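Please consult the sequence and the structure shown here while reading this report.

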Amino acid sequence: MNAIIEREARFVVADPAVHRSVARLTSLGSFRVIRRHRERQRNTYFDTDDMRLWRAKSVLKLRETCLPRGNRGRQARAVREMTFKKAISYRDGVSSRLEVTSRLRPDQRVRMKEGAWSITPMRRARAIIATQRLHPLFTVVTDRTTLILSNNRQRVELDVDRVAVRRGRQIVARRLEIEVENLTASPSVFRSAIMALRRRDGA
């Protein structure tokens, strides 16, 4: 289990050309790209019938991530995580949230109706929903290119996402997004990365 304070800015991108160009960046302002990778995520969000988590500015999601193992025909590996998030603040375009994540074993199944309350994110949710049952709301399928940016060892993550929102088998929305997340940077250095992105592409 890992609990952190997540700080990120998110932008919806209207121009596909801008979205593609950001995914190919080798530098951004005073930052340079030191690592990049691609992955596909399936994030299924849960709440009660009366939307108790949403009303408490919280989310509970099951993330299934397909990570490539490399070349030479190796198969991709899947990682499954349960995450609870609760909003703390929103200032100057940056959201701050408590994030609690537990990685699931390959054979571990999470039965929402019964409540897998031994998992820490589920216990956080239970403190809000009490005895109410959870059910899936929708699934967000994301094709993501992640760039790790470094500026004198201060690091920021840039996620370039192609998103499809599904309810059952139906796709109800598609969008292009860019997320900027603070990994180890000071607040001022993190803001400089956001401003560099805005200056570059008018985000």
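Predicted model: local features only at pLDDT ≥ 70, side-chain atom pairs only at ≥ 80, totals over all residues.

## Helix 1

Helix 1 spans residues 16-23. At its start, the backbone nitrogen of Ala-17 has a side-chain oxygen of Asp-15 within 2.9 Å. The buried residues of this helix are Val-18, His-19, Ser-21, Val-22 and Ala-23.

Ser-21, which belongs to helix 1, has a relative accessibility of 18% and therefore counts as buried, the cut-off being under 20%. A polar atom of the Ser-21 side chain lies 2.8 Å from the backbone oxygen of Val-18. In general, an α-helix has 3.6 residues a turn, so residues three or four places apart point the same way.

## Helix 3

Thr-120 is part of helix 3, which covers residues 120-129. Its relative accessible area is 14%, and Thr-120 is therefore classed as buried.

Between Thr-120 and Phe-84 there are 36 residues of separation in sequence, while their C-alpha atoms are 8.6 Å apart in space.

## A positive patch on the surface

Four arginines are considered here: Arg-32, Arg-35, Arg-153 and Arg-155 form a patch of positive charge on the surface.

Among them, Arg-155 is located in strand 8, residues 154-167. With a relative accessible area of 33%, Arg-155 is partly exposed.

How values were computed: Residues numbered from 1 in each chain as written. Heavy atoms only, no water. Helix = DSSP H or I, 4+ residues; strand = E, 2+ residues; numbered from the N terminus. Buried < 20%, exposed > 50% of the residue type's maximum accessible area, 1.4 Å probe, protein only. Polar contact = N/O pair within 3.5 Å; in protein donor to acceptor, adjacent residues only side chain to side chain. Patch = residues over 30% accessible without salt bridge, like charges linked within 9 Å, V, L, I, M, F, W, Y side chains within 5 Å. Areas by Shrake-Rupley, 256 points an atom, 1.4 Å probe, with all protein chains shown as cover. Salt bridge = Lys/Arg side-chain N within 4 Å of Asp/Glu carboxyl O. Lys, Arg positive; Asp, Glu negative; His and termini not counted. Charge placed at Lys NZ, Arg CZ, Asp CG, Glu CD.
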